[in-house]
Amino acid sequence: MTERTFSIIKPDATKRNLTGAINAVIEGAGLRIVAQRRIRMTEDQAKKFYEVHAARPFYGELVETMTSAPVVVQVLEGDNAMAKYREVMGATNPEQAAEGTIRKLFALNVGENSVHGSDSLENAKIEIAQFFTDADIVG
Ligand code: GDP
């Protein structure tokens, strides 16, 4: 079934000029980038986005990292897009990520792991709505 999921190319990747290289992996996996914008995330946006992790010890560091440089927010579309992108991203900790995944190829460490992808269709909807309107998404 055709689905949409939400993606972020994180600051560690934009700083190293990896947007195009990461997009090539995304497109190579058969996912279509149907919306994309480069933004500087505000502290409020990052706090809200990672609200579920508010009690975790790395929350402050996470918010700081996400606001430290521009990010590229994206909507990806394709068959089984949510699960497929999770697979293409690889494990949260790049040391555990499979060969050929974005995090294996590009991530520096668990805190600077190059990409975000929604972990459920319900969250994908919520996350897309935080950064895009329907008119921004051209499938
Ligand atoms: P994801 O869905 O694979 O991105 O992983 P999670 O939802 O578990 O965590 C969200 C994000 O928090 C991760 O992508 C990391 O950037 C960050 N994070 C998770 N665990 C750690 C940790 O132990 N240390 C630090 N510094 N960041 C972490």
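**View 1. E77 is buried, with a relative accessible area of 14%.** Buried here means under 20% relative accessible area, exposed means over 50%, and partly exposed is anything in between (1.4 Å probe, protein chains only). E77 is found in strand β3; strands are DSSP runs of E with at least two residues, helices are runs of H or I with at least four, and both are numbered from the N terminus. The side chain of E77 makes a polar contact of 2.8 Å with the side chain of R4. A polar contact is a pair of N or O atoms within 3.5 Å; within protein, one must be able to donate a hydrogen and the other to accept it, and residues adjacent in sequence count only if both atoms are side-chain atoms.

A word on the model: it is predicted, so local features need pLDDT of at least 70 and side-chain atom pairs count only at pLDDT 80 or more, while totals for chains, interfaces and linings use all residues. Residues are numbered from 1 along each chain as its sequence is written, and side-chain values use heavy atoms, with hydrogens and water left out.

**View 2. The ligand sits in the largest pocket.** A pocket, on a 1 Å grid over the protein atoms alone, is an open set of points with protein on both sides within 12 Å along at least five of seven lines, and a molecule sits in it if more than half of its atoms lie within 2 Å of its grid points. Around the ligand you'll find K10, H53, F58, E61, L62, R86, T92, R103, V110, G111 and N113, each with a heavy atom within 4 Å of it. Sorted by class, that shell has three nonpolar, four polar and four charged residues, with Gly counted among the polar ones.

**View 3. Ligand oxygen atoms and the side chains of T92, R103 and N113.** For T92, a side-chain N or O atom is 2.6 Å from an oxygen atom of the ligand. Taken alone, the ligand exposes 550 Å², and the protein buries 78% of that (Shrake-Rupley method, 1.4 Å probe).

**View 4. N17 has a positive phi of about 65°, although it is not a glycine.** Look for N17 in the loop between α1 (11–15) and α2 (19–28). At 71% relative accessibility, N17 counts as exposed.

**View 5. N80, also not a glycine, has a positive phi near 60°.** N80 lies in the loop between β3 (71–79) and α5 (81–89). With a relative accessible area of 44%, N80 is partly exposed.

Conventions:
1 Å grid on protein atoms, 1.4 Å probe; cavity = no way out; pocket = protein on both sides within 12 Å on 5 of 7 lines; lining within 4 Å.
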